[in-house]
Every structure is written in C-alpha cells, then in structure tokens.
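Work through the exercises below with the sequence and the structure side by side. Try each task before you read its solution.

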2 protein chains.
Amino acid sequence: MKYAIHTLNKAFDNRVRLGVMAVLMTTDSVSFNDLKEALDLTDGNLASHVSALEKAGYVTVSKQFVGKKPNTTYTASSEGKLAFQDHLNALEKLLKGG
Amino acid sequence: MKYAIHTLNKAFDNRVRLGVMAVLMTTDSVSFNDLKEALDLTDGNLASHVSALEKAGYVTVSKQFVGKKPNTTYTASSEGKLAFQDHLNALEKLLKGG
DNA sequence: TTACCAGCTTTGCAACACAAAGTGCTCTGT
DNA sequence: ACAGAGCACTTTGTGTTGCAAAGCTGGTAA
C-alpha cells in the first residue's frame, strides 16, 4: 500500500468539480453564468455539481439582486480551499511516486 | 469557455487508473500482484481498470512464467506516457487558471 | 485427488454524469 | 394584460461507471 490513491478526495474526483474549485481558488467569487460559461456546461449540470460541493461544505452560495436581476455567486469556503489543497497535495505526491 | 476541463483525458479521470499510470511512469514494468498491493485494490477491480487502459492502448500486458508460476506484468506504452503527460499538463494548466 | 495460487471474468447493484425538459420567479416589450 | 425572455434551479430519464464478491481457468504442489 505504498501509493495512497485512497486519500484522494471523492468530492473532487470529477472534472466539473475540479474545474469549479480551480476557478474558485483564484477568483474568490463567481456568478452562476460566468462559471457556466467558463467551464462550458449546461446549467443543470453545473447546478448539480455546485450543489454537491455546497453539501460537502466546500463552497458557499450567496444570492442577491444585481439591478433587477437575480444573481447567484459562489465562493470557496476556507474548509473547501484546505480540502482542495490537500487533494492536490495527495495528487502530487501520488504522481511523484508516493 | 476559458477553462478547458473537457480536454482532460477520460481514460485517466479515475483514481485507480491514475494510480496505475503514476506507477508505470516511474517504474517501467510492474507485476499484477505488486500493483495490486501498491494501490491496495481487489484483484477484480485492478484487472478491470488495467484492461480499460489496455483497450485504450495506454498499457501493454505481457505474460510469462517466473519459475513455475504465471506472471503478468504491465508497461506503459509510449502512447500511454504521452497521453498521460498531456493529461497532466491539461490538469496543471487548469489549476493555474486556464 | 484435493487443495492452492495467479489472474482474470462475470455478476449484481448502487452511484454517478449528463442532457433535456420543466418550474417558479421577475422583468421587459407591446 | 399578455407574451416572451432570462435566471437558477429541479426533475426526469438514460446510459455509464465503480466496486466487491463470487466464479472460473489453467497451472502447480502434495
């Protein structure tokens, strides 16, 4: 059991969730539509994945009105950032032979 | 469509396949049982994932006898190494904001 | 013959991915 | 007032995947 592939976080083993977290690690706050466009996803698909990340406590959702339009934005929680970093570290370690 | 999450290789989007390739990038040739032990997998699970990588042309399988025991070893094909590197590059680019 | 090992393959089931369609709300145009 | 459009989901349906456990095969050992 030298290679610890089981320490990879199940919450991030999907490309969409990976992409969402990658965005949120650098941009701090993104709107639903920007995220949808940045990752080239259907709205249903994005919504379900973000919802999974929210349930895990990794992203927080805030809804407000911008002008007269509803606007949902997402932010990585500090817990989410930590968990994602851990995941990336585990990944890197794995790839370097651990 | 700034973040190219769709260029990630589907063949490597699984932790087991990722682990197999990680091992084969550094060790060149591994036996079934060493791989199974290194990744802590059931034999059926390992066999199916390696078979998937074989079908994709990313690993090659060779069977011989060591003493009187059958022995199966796996090697990454050059195509597999290239594809894996591409995948890692795409991953890194994604994480760096592309 | 009985038992065992290596390496699969099959089975069965639960979880997941995704697109498409539907929902409820609000605003805009006529 | 009514139609249409946009936002952000939620639901539905379908196909795919992940996995453990069990079965299988072909060889060896006693």
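**Exercise 1. Find how many salt bridges the whole structure holds, and describe those that involve A:Asp13 and A:Arg17.**

Step 1. A salt bridge is counted when a side-chain nitrogen of Lys or Arg lies within 4 Å of a carboxyl oxygen of Asp or Glu, and a search over all chains of the structure finds eight of them. This is a predicted model, in which local features need pLDDT of at least 70 and side-chain atom pairs count only at pLDDT 80 or more, while totals for chains, interfaces and linings use all residues. Residues are numbered from 1 along each chain as its sequence is written, chains are lettered from A and ligands numbered from 1 in the order in which they are written, and side-chain values use heavy atoms, with hydrogens and water left out.

Step 2. The side chains of A:Asp13 and A:Arg17 form one such bridge, with a distance of 3.5 Å from N to O. These two residues are also linked with B:Arg15 in a network of salt bridges.

Step 3. A:Asp13 has 35% and is partly exposed, whereas A:Arg17 has 15% and is buried.

**Exercise 2. Which parts of chain A does the salt bridge between A:Lys81 and A:Asp28 tie together, and which pair is found in chain B?**

Step 1. In chain A, the side chains of A:Lys81 and A:Asp28 meet in a salt bridge of 3.8 Å, N to O. Because A:Lys81 lies in helix α4 (residues 78-95) and A:Asp28 in the loop between α1 and β1 (30-31), the pair ties together parts that are 53 residues apart in sequence. Helices (H or I, at least four residues) and strands (E, at least two) are DSSP runs, numbered from the N terminus.

Step 2. Both residues are partly exposed, A:Lys81 with a relative accessible area of 30% and A:Asp28 with 47%.

Step 3. In chain B, B:Asp28 forms a salt bridge with B:Lys81, the closest N and O atoms being 3.9 Å apart. The pair links distant parts of the chain, with B:Asp28 in the loop between α1 and β1 (30-31) and B:Lys81 in helix α4 (residues 78-95), 53 residues apart. B:Asp28 is partly exposed at 46%, and B:Lys81 is partly exposed at 30%.

**Exercise 3. Describe how strands β2 and β3 of chain A are joined.**

Step 1. Two strands pair if DSSP finds at least two bridges between them. Here eight bridges join β2 (residues 59-66) to β3 (residues 69-76), and the two strands run antiparallel.

Step 2. Within this pairing, A:Thr60 stands opposite A:Thr75 of β3(A). The hairpin has two residues between the strands, and A:Gly67 takes a positive phi near 65 degrees there.

**Exercise 4. Which residues come nearest to DNA strand C, and which part of the protein gives the most to the surface near this strand?**

Step 1. A residue counts as near if one of its heavy atoms lies within 4 Å of the strand. Of the 17 residues around DNA strand C, A:Asn14, B:Asn33, B:Lys63, B:Thr72 and B:Tyr74 come nearest.

Step 2. β3(B) gives the most to this surface, with four residues.

Step 3. Sort the surface by class, counting Ala, Val, Leu, Ile, Met, Phe, Trp, Tyr, Cys and Pro as nonpolar, Asp, Glu, Lys and Arg as charged, and the others, Gly among them, as polar. The surface then has five nonpolar, eight polar and four charged residues.

Step 4. Of the atoms of DNA strand C within 4 Å of the protein, 83% belong to sugar or phosphate and the rest to bases.

**Exercise 5. Which residues come nearest to DNA strand D?**

Step 1. Among the 17 residues around DNA strand D, the nearest are A:Asp43, A:Lys63, A:Thr72, A:Tyr74 and B:Asn14.

Step 2. β3(A) gives the most to the surface near this strand, with four residues.

Technical notes
Buried < 20%, exposed > 50% of the residue type's maximum accessible area, 1.4 Å probe, protein only.
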